[in-house]
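These are my notebook entries on a structure that I examined element by element. The sequence and model are placed below for reference.

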Amino acid sequence: MVAVTSFLLASTGALLGGSLRGSPVAPRVSVAVRMADDFKVGVIALQGGFREHLNAIERQGGVTGMEVRTAADLAEVDALILPGGESTAQGHCIVESGMLEPLREFTASKPVWGVCAGMILLADHLEKATGQPLIGALRIGVERNAFGRQIDSRYREFKLSGEAAEASLSQQSYFIRAPVVSELGEGVEVLASLPDDRVVAVRQSNLLATCFHPEISNDDSWLNFFLNKVVGVDSSSQPLPNPTTKAPWQFTPADDGYGSLAVKRAFPVFQQGGVIMDVVDGEQARIAEAAGACAVMALERIPADIKRDGGVARMSDPKMIKEVMAATSLPVMAKSRIGHFAESRVLEALAVDCIDESEVLTAADEDNHIDKRPFNIPFVCGAQDLGEALRRIAEGAALIRLKGNAGTGNVIQAVRHARSVFSEIRTVCAMRDDEVFVYAKNQRVPVELVEQVRSAGRLPVVTFAAGGLATPADVALLMELGCDGVFVGSGIFKGENPARRAAAMVAACAHYRDPLKVAEVSTGLGKAMVGLLEHEPPASVAALLDQQLAGKELRNAENAIGGIDASVAA
């Protein structure tokens with residue numbers, strides 16, 4: 001391997017830079033063009049932006065897209081896309097699903113496109129050893145998070161070379177916590193590089209890899225290149241959708257998009273299908289990453305302890321947040337109080353990847369939420385119904401968290417609010433134009449947002465569930481109801497076997513449609529966290545925790561407190 005320092009673009013597509021001598025480009029592969037009828041392109045659908053690729057494939061005439069979650073699914077497809085997301089989370093899920101060896105066999109001969117995290121997984125080594133599993137088919141070295149944290153994400157221009165230049169592919173795209181190619185091996189052709197000559201797209205025979213995200217850039221040119229040149233399928237592309245009505249797309253920025261709504265909304269796209277875990281220190285962050293979490297939420301006290309202790313709950317100490325950021329390669333989120341824009345400015349200065357304007361903390365302003373639009377990093381906000389969700393989105397929220405009762409281990413409110421939001425969306429989809437105006441007026445939201453919901457059939461941003469999820473089955477329930485992912489806090493570190501429980505939550509999120517898999521990962525986890533009924537005071541359970549009860553004694557004490565929630569029984 002040789003370090004990538006510079007290269008010259010030549011009409012032949014050869015790499016002539018002195019530091020790259022000895023790394024000849026593979027000869028152009030002549031691919032026989034096939035008709036696309038019944039040709040299946042799979043997308044690994046364990047975590048990340050897989051839905052966006054499936055939507056793009058759907059626009060290609062004659063090609064069928066298919067979710068791939070198991071080795072049996074993989075055996076049914078002719079070509080494969082490894083989507084963007086969190087590579088550590090995806091790698092964990094691939095191993096847990098028994099797919100690593102089948103993927104290595106697949107990539108040895110069949111067409112594969114790795115996008116961002118997918119490129120990392122295809123690489124044969126990383127610049128900094130992390131211990132994460134790699135497929136290893138692509139002879140490149142990769143530097144993860146090469147541009148920095150989410151605040152450094154951009155809509156960037158790059159220059160084309162080789163086949164990409166001949167095909168006149170798009171030269172702009174989103175780079176979201178993106179990697180770069182740090183080393184090139186024999187037979188790897190450079191297709192795109194940044195103005196500073198860092199390599200961001202390569203091809204090696206049947207393998208294509210890009211650091212950027214055409215699938216959210218209103219751009220099918222790279223997909224067409226993959227299908228026509230790498231796969232050899234004669235497919236016809238349909239017109240692109242209006243990016244304001246195909247969630248979560250936005251108009252592409254006029255410049256590099258720094259701090260733009262589009263760049264901020266892009267970040268949660270690659271959290272989809274994942275579990276975001278509350279952690280209170282670096283050790284818990286490492287447990288979360290090893291278990292396959294897609295991000296962590298750094299806070300000094302998890303919600304169960306906030307409820308137990310009472311008093312005012314504020315933003316966490318920056319020292320603890322920095323400790324968590326140093327302990328993990330995952331995105332790190334942190335909470336600020338509702339309306340407390342000064343706390344949020346501090347968190348932005350720390351370069352956390354996302355801010356949660358959270359009702360779990362004590363509200364600082366009883367009337368005004370933070371105007372999130374001027375901030376350069378994304379916000380997540382809670383909502384109980386569609387109107388509240390759209391009001392938060394109008395303020396600039398890039399991710400919606402359907403409110404549950406955090407710290408209780410009781411999933412009832414998360415379920416209630418998920419059913420409310422998704423039911424209201426179905427109602428909006430059936431509205432006439434004049435009814436949309438009335439609905440927007442009554443909900444105090446911009447009519448444009450309501451029209452986007454009606455057009456897309458979903459919120460215009462990614463939607464997670466949170467609050468009270470304590471078991472893998474809870475995770476599967478919220479995913480089945482229509483959520484894009486879940487937050488899990490007290491349910492992991494307040495239950496027995498937190499490392500195993502965290503991994504089980506991740507597996508249930510990836511395989512929520514498979515009850516046998518959820519049963520398998522739920523087996524032998526031990527006691528879940530002590531829960532609260534919906535109207536039960538936190539002090540009643542806190543007393544049990546202080547007594548350090550266990551086993552049958554603990555269950556008897558819980559029954560003495562709770563019984564059946566009368567509001568549910570009615």
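In which sense do strand S20 and S21 pair, and over how many bridges? I found that S20 (residues 295-298) and S21 pair in the parallel sense over three bridges; two strands count as paired if DSSP finds at least two bridges between them. Helices (H or I, at least four residues) and strands (E, at least two) are DSSP runs, numbered from the N terminus.

I worked on a predicted model, in which local features need pLDDT of at least 70, side-chain atom pairs count only at pLDDT 80 or more, and totals for chains, interfaces and linings use all residues. Residues are numbered from 1 along each chain as its sequence is written, and side-chain values use heavy atoms, with hydrogens and water left out.

Entry on S21. I noted Val 332 in S21 as the bridge partner of Val 296. S21 also pairs with strand S22 (residues 354-358), in the parallel sense over five bridges, and there Cys 354 is the bridge partner of Met 333. I checked burial next (buried: under 20% relative accessible area; exposed: over 50%; partly exposed: in between; 1.4 Å probe, protein chains only). Six of the six residues of S21 (residues 332-337) are buried, so the strand is largely enclosed by the rest of the structure. One side carries Val 332, Ala 334 and Ser 336, the other Met 333, Lys 335 and Arg 337.

Entry on Asn 497. I located Asn 497 in the loop between helix H18 (490-493) and helix H19 (498-510). Asn 497 is partly exposed, with a relative accessible area of 36%.
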